Amino acid sequence: NSENPQSIADAHNLAYVIYTSGSTGQPKGVMIQHVSVVNLTAALREEIYSGLGPALKVGLSAPLAFDASVKQLVQLLAGNTLYLLPEELRLDARRALAYLNEHALDALDCTPSQLKLLLAAGLNESARNAPKLMLVGGEALDESLWSQLTESHATRFYNVYGPTECTVDATWSEVTNATGGPTIGRPIPNAEAYILDKDFEPVGIHLDGELYIGGIGVARGYLNWPERTAEKFVPDGLSGKAGARLYRTGDLARYSPDGSINFIGRNDSQVKVRGHRIELGEIEAALRQHEKVRQAVVVARDDPSAGVRLVGYVVPEGPLDVRELRHMMSERLPDYMAPSFLVVIDEVPLTRNGKVDLNALPAPEAVRPPSDEHYVAPRNEIEETITRVWQEVLGVERIGVHDNFFDAGGHSLLMLQVHNKLNEAFGKEISIVEMFAKPTISALAEYFSNTNGHKPSFQKTMDRAARRKQAAGRHMR
């Protein structure tokens, strides 16, 4: 049949259901209606993409299970072309940059973590085929990255914010010097944003409160979960619109004098890890499913060099094989939700009012050095070079050649840093897939010994990095 199919959907039918992490261990299915997606599409077209021209090349970099993919998929409605970045490119900044240069993409969406890797690979060093537009979201944009982006002349950057329950983006702001620093900006068309205190009253400028989102983008609710829907989607008594609702984001925010919104952080156990919204309770529930785990607490620790890393503390019920527990987590949770560290403790420390005393939990570095029984020191120059890179990236002092990178606190983004440093140190391009397949120093050393005729010069690599940093400092002055 050569005719277009007849659509029977109206504005308030469901467009999709997408799942987010659940604090009780039960993921929540968010119900988004067609009208919400259409409003997002129109807002992007009229306010963000309008100056770029027709028939754009748009990079789809977010996984389809991540709601950021929606605002890229809808670009097909405007006659634009989608370029689907393969997962191995998303994990390899230099190959991703080569892909952008080759295809001359007009627009790209990414998280701040991904953007930092692209910048380190040389995104801003040359205007050749750089995307005209980049939408950055999924995590908070820090002051250092914001300042770096304002210096770009080839690319317009937008900081976008929005929970899944509000159809991807609820507010946005162009990254410029005029804002005075990081901001999530103002609501998109047909959306409202309110910062309210505990009495549901608007707060004044410079005062913290919880951010509520209203308007067309607010979801219908959670699939088959009316109690949770009633808790998070509340009547809107501020807009004056009959039947309107507000979504309680759980995010703390404050107004700037110009009316823009500054993101402060979370007021609950929800965190953002590498662009993904995570409820720590869901990971704790997964840990407790192991028959040898009596109690579990998961916290997010912010490492200046490694970003947010998850630490799981478990109280065992008898002898516990931590490697077996880690393997179970890798089978039941996606990579970004698997704890970087698993720490066995005798009991969960409590405060005087009976709550978990997070400050009393030991730092993972204090309890995770390899035992003398399994520790093997570097045995040659190649292993010494790889060990130094691991120590620098992971922030640990003692790593054996048979220790697993991920058991030592690594994750995919840290593996990318190791990948870049080793390629520079050895003068050889090893694929990121190969790196994940060889997660120990001994395996990597054997690979480089068999395939690389050049001896590494780690000191030369570090000297070059120091000279670049020094030159950058002179440029800033």
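The protein chain of this predicted model contains 14 helices and 20 strands, where helices (H or I, at least four residues) and strands (E, at least two) are DSSP runs numbered from the N terminus. Local features need pLDDT of at least 70 and side-chain atom pairs count only at pLDDT 80 or more, while totals for chains, interfaces and linings use all residues. Residues are numbered from 1 along each chain as its sequence is written, and side-chain values use heavy atoms, with hydrogens and water left out.

Of the 477 residues in the protein chain, 49% are buried; buried stands for under 20% relative accessible area, exposed for over 50%, and partly exposed for what lies in between (1.4 Å probe, protein chains only). The protein chain exposes about 23400 Å², of which carbon and sulfur atoms supply 50% (Shrake-Rupley method, 1.4 Å probe; for residues, only the protein chains shown count as cover). Among contacts in the protein chain with a separation of 6 or more, 61% come from residues 24 or more positions apart, a contact being heavy atoms within 4.5 Å.

Turning to the sheet that includes β1, three strands are arranged in the order β1-β2-β12, forming an open, antiparallel sheet; two strands pair if DSSP finds at least two bridges between them. β1 and β12 (221-222) are the edge strands with a single partner each, so one side of each has no neighbour in the sheet. Helix α1 (residues 34-48) packs on this sheet and touches β1 and β2, its direction making about 70 degrees with that of β2 (axes are lines fitted to C-alpha atoms, for helices over the stretch in contact, and angles run from 0 to 180 degrees between N-to-C directions). Strand β2 (residues 28-33) pairs with β12 over 2 bridges, and Met31 stands opposite Gly221 in β12.

Strand β1 (residues 14-20) also holds Val17, which is partly exposed at a relative accessible area of 33%. Together with Leu14, Tyr19 and Leu223, Val17 forms a nonpolar surface patch with about 320 Å² of accessible area. Patches are made of residues with over 30% relative accessible area and no salt bridge, like charges being joined within 9 Å and nonpolar side chains (Val, Leu, Ile, Met, Phe, Trp, Tyr) within 5 Å.

Charged pairs come next. The structure holds 13 salt bridges, each a side-chain nitrogen of Lys or Arg within 4 Å of a carboxyl oxygen of Asp or Glu. In one of them, Lys132 meets Asp106 with the closest N and O atoms 2.6 Å apart. This pair links distant parts of the chain, 26 residues apart: Lys132 sits in the loop between α5 (112-120) and β6 (133-136), and Asp106 in the loop between α4 (93-103) and β5 (107-110). Lys132 is partly exposed at 40%, whereas Asp106 is buried at 8%.

Asp142 and Lys116 form another salt bridge, at 3.0 Å between the closest N and O atoms. Asp142 lies in the loop between β6 and α6 (143-150) and Lys116 in helix α5, so the pair ties together parts 26 residues apart in sequence. Asp142 is partly exposed at 32% relative accessibility, and Lys116 is partly exposed at 41%.

Asp199 and Lys198 meet at 3.8 Å, N to O; Asp199 is exposed at 53% and Lys198 is exposed at 79%. Elsewhere, salt bridges with shared partners join Lys71, Asp109 and Asp169 into one network.
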